[in-house]
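Hi there,

Here is the structure I promised to pass on. Please have a look at it first, and then read my notes below.

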Amino acid sequence: FFGIVAVVLYFVATFAILFSGVYPRGLYDIVLGYLRWNANVSGYLYSLYDAYPPFATDQQPYPLAVAVSYPAQSSRLLNFPFFGWLIRFLLLLPHFVVVMFLGLALVIVVFIARFAILFTGSFPAGMHRFSVGVLRWSTRIQAYTSGLTDRYPPFRLQDP
C-alpha cells in the first residue's frame, strides 16, 4: 500500500516539477521515506540485520541508512509525466538486466548464508558484502526511478 501511495505522489510531483522545476519538499520526503522504509525491510528480509526495521519514514537509528540530498532543481525532461518515465526506463534497461541476474544470485547467496548463520552464528563476510551491494544498487535505481535524484546510478555494488 505504501508503495502505491509513493508512486501516486511521485506522479503528482511530476506535474509540479514540470511547471516549477522543483520537487515539492513534502512529496519528496514521503517518497524518500518509502525508499528508506523499503530498503530497511529488504535488508531485514535478506538477513543482513537482526534488528526489526522501524516503520518510520525518517532516518532512524538502524544499521541501514538511506541518504539522498534534496535537489535544488529537478530535470523537467526526466520528470515529464509519462514521457520522462519512458526516458528513465530506457536509460535504466542495462541496470534492470544486471540487477535481475544479481537478484537471482542474491536469492542463492542468502539461502546459503542462512545455513552459515545457523551453524556459525554469523553471516560470511563476502556474502554479506555482496548482499549489501545488491541492495545498494537496487536502492540507487529506485531513487533514480522515483525522481529523488537525476544523477544516473553507477554500475557497481559498492558506494561510488
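The lining of the second largest pocket is made up of 10 nonpolar residues, four polar and one charged. (Ala, Val, Leu, Ile, Met, Phe, Trp, Tyr, Cys and Pro count as nonpolar, Asp, Glu, Lys and Arg as charged, and the others, Gly among them, as polar.) A pocket here is an open set of points on a 1 Å grid over the protein atoms alone, where a 1.4 Å probe fits, with protein on both sides within 12 Å along at least five of seven lines; lining residues have an atom within 4 Å of a point.

Before I go on: this is a predicted model, in which local features need pLDDT of at least 70 and side-chain atom pairs count only at pLDDT 80 or more, while totals for chains, interfaces and linings use all residues. Residues are numbered from 1 along each chain as its sequence is written, and side-chain values use heavy atoms, with hydrogens and water left out.

Back to the pocket: of its 15 lining residues, Val7, Tyr10, Gln142, Thr145 and Ser146 lie nearest the centre. Two or more lining residues come from each of helices H1 (2-20), H2 (25-45), H3 (83-120) and H4 (125-145). H3 gives the most, five residues. (Helices are DSSP runs of H or I, at least four residues, and strands are runs of E, at least two, numbered from the N terminus.)

Now the overall fold. The protein chain has four helices and zero strands, in the order α-α-α-α from the N terminus. Its radius of gyration, taken over C-alpha atoms, is 17 Å, close to the 15 Å of the globule rule for 160 residues, so the chain is as compact as a globular protein of that length. (The rule is 2.2 Å times the number of residues to the power 0.38.) Of the 160 residues, 39% are buried, meaning under 20% relative accessible area with a 1.4 Å probe, protein chains only.

Finally, the inside. The largest nonpolar core has 22 residues, and Tyr23, Leu64 and Leu148 have the most contacts within it. (Such a core is a set of buried Ala, Val, Leu, Ile, Met, Phe, Trp, Tyr and Cys residues joined through side-chain atoms within 4.5 Å.) H2 supplies the largest share of this core, six residues. Tyr23 is in contact (heavy atoms within 4.5 Å) with residues including Tyr10, Ser146 and Leu148, leaving aside those up to four places away in sequence. A second, separate core of 11 residues includes Leu92, Leu102, Leu106 and Val134.

Best wishes

Key:
Buried < 20%, exposed > 50% of the residue type's maximum accessible area, 1.4 Å probe, protein only.
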